[in-house]
Every structure is written in structure tokens, then in C-alpha cells.
Amino acid sequence: WNGEDLSDKTIRVYGDQGVGDVVMFAALLPERQSRCRQAMVEIDERLMPLFQRSYAGVEIISTPRGSLPARNEGRFDFETIFSELPRYLRTNLAAASPPERGHLTADREKSESIRDRYLAGEDKRLVGIAWHSHNVKRPEQNLPLSLWGPILTLPNVTFVNLQYGDAKADIAEAELRFGATILNDPQIDQSAKLDDLASQVGALDLVVSISQASAHFAGALGKRVLTMLPRVPDWRYGLERRDTIW
């Protein structure tokens, strides 16, 4: 698809980047859906429960993690990747406004249960944090926990680890250095169970993260998120504005 009129046409959208980018650009799916006769969304199987809950009436199929998307085989008139949707649906990024609410819906009961478990009766703010991305092309976007002192020493906050992968050594070092407590939930696998990650993010008051999946999930769920970026970020964030249109 190169921006052609989709009236009475069919289109398939599939993921080509990480799940964070798919979650971010899924904000454009309702608009894309309204422009065509039939649409199908092909996503990583780990996103299925979240997308099925969030997009009633949209045909969604899953592909195994790490596999290539299925061949079109002439079923659809057009196909495109998630990261191409903004090219034709958001032609003026500077004039675009942030959405009024999130476009994804977490499991509310699970989020409430997680929140109760984390607070354990205490009157504190729950702040999720993530500091590392596996994007080897953009190492400058990582921010080691050793630099998080001004954040991790804030009072009346329970910090929650949203970092995927083995972060135990990073957490132990930061707790020792700053006297902070960072809650690491063994019941949540941020890589394998993305619906659980969404429920975890939904339980929080705030997310502070570099540009990685945790930040994108928070924005997509309508959760307040502060994203720490390199001085020259990628095109999605622009150079001057203090918010994002996603």
C-alpha cells in the first residue's frame, strides 16, 4: 500500500519491527479500518489477548514469535507494515495531537489484583521503570541504572521493574548504591506474557522509561509515561515538542 484509496478494498497490516513499535502504531488501526472494506491485522502471538480485547470487530491473526509473516496469496488488495501507517495517515506530524485516551485495554481485574499486591496496604505511588533496550542499532538510548539516582531516591515511591530480560544484577547494584527498593515481580515475564505486562503497567501510577516496549505499552494503555530520550531521538519523537502524538 502506497497511500491509495482503500474504498471497497481489502488490506493486511503486519508487524515488521519489535512488539513495542506494533503497540505504538496500533493507534492508527481504527482510522485505517474506517477507510477500507475489509482489514486484517497480523501480529506476534504474544499480543493476541491484548489486541482481541482492544479491537472488537477487527480480524486478527497471530504468527509465532520470531517467524516471518504469512504470504498474502492474493487474498488482499493491499498490504503494509505497521511502521508505514504514519506515512499516509499522519502526513503532518508537527500538527498532530496526542490522543485523548489509550487505544489498548488491559485486563482490569488482573491490574487491580497486581496493584493491591504491590501496595500491600501502603500509601505510596507505584512507578514502573525500564532502562535498557535490545535494539543494537541504537545503544545511545540506553540509560544505566547507575545514573538514576535523582529518581530512585524520591520518597514515598515503590519502583517496579518493567525491564525485560535478566535485570537482577542491575537492580541489586542500584539498590545498594541508592538505598532504593525496586520491586521485581517473578510472576510477570515481560517478554513471554505481554498481556501480563499490559496488566502490570495498568496497575501503576506512572512509568519512567527509555524508548522501549514499556514506554510504548504505557502510552497505548493511556497511562502517564515520561520517556527519556537521546538528545537527537528518532523521527517518532521530533526535536522540539514535549509530548508525542502516539
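Me: What makes the place of threonine 158 a strand, and which strand is it?
Reply: Threonine 158 is found in strand β6, residues 157-161; strands are DSSP runs of E with at least two residues, helices are runs of H or I with at least four, and both are numbered from the N terminus. The model is predicted, and local features need pLDDT of at least 70, side-chain atom pairs count only at pLDDT 80 or more, while totals for chains, interfaces and linings use all residues. Residues are numbered from 1 along each chain as its sequence is written, and side-chain values use heavy atoms, with hydrogens and water left out.

Me: Why is threonine 158 called buried?
Reply: Buried means under 20% relative accessible area, exposed means over 50%, and partly exposed lies in between, with a 1.4 Å probe and protein chains only. Threonine 158 has a relative accessible area of 12%, so it is buried.

Me: What does threonine 158 touch, not counting residues up to four places away in sequence?
Reply: Threonine 158 touches Lys124, Arg125, Leu126, Val127 and Leu183, where contact means heavy atoms within 4.5 Å.

Me: Is serine 83, at 18% relative accessibility, buried or exposed, and why?
Reply: Serine 83 has 18% relative accessibility and therefore counts as buried. This residue is found in the loop between β4 (78-81) and α4 (85-89), and, leaving aside neighbours within four places in sequence, it is in contact with Asp16, Gln17 and Phe25.

Me: What makes the pair of serine 83 and aspartate 16 a polar contact?
Reply: A polar contact is a pair of N or O atoms within 3.5 Å; within protein, one must be able to donate a hydrogen and the other to accept it, and residues adjacent in sequence count only if both atoms are side-chain atoms. The side chains of serine 83 and aspartate 16 make such a contact at 3.3 Å.

Me: Why does isoleucine 210 count as buried?
Reply: Isoleucine 210 has 0% relative accessibility, so it counts as buried. Beyond neighbours within four places in sequence, the contacts of isoleucine 210 include Trp131, Leu143, Ala215 and Met228.

Me: How do you know that helix α9 is largely enclosed by the rest of the structure?
Reply: In helix α9 (residues 213-220), 7 of the 8 residues are buried, so the helix is largely enclosed by the rest of the structure. The buried residues are Ala213, Ser214, Ala215, His216, Phe217, Ala218 and Ala220, and what covers them includes α1 (19-25), α3 (48-54) and α8 (194-202).

Me: What caps the N-terminal end of α9?
Reply: Glutamine 212 caps this end of α9, with a side-chain oxygen 2.6 Å from the backbone nitrogen of serine 214. Just after α9, glycine 222 takes a positive phi of about 75 degrees.

Me: How many of the residues of α8 are buried?
Reply: In α8, 8 of its 9 residues are buried, and the helix is mostly covered; what covers the buried residues includes α1, α3, α5 (108-119), β6, β8 and α9.

Me: How many helices and strands does the chain have, and why is the chain called as compact as a globular protein of that length?
Reply: The chain has 9 helices and 9 strands. Its radius of gyration is 19 Å, close to the 18 Å that the globule rule gives for 246 residues, so the chain is as compact as a globular protein of that length. The radius is taken over C-alpha atoms, and the rule is 2.2 Å times the number of residues to the power 0.38.
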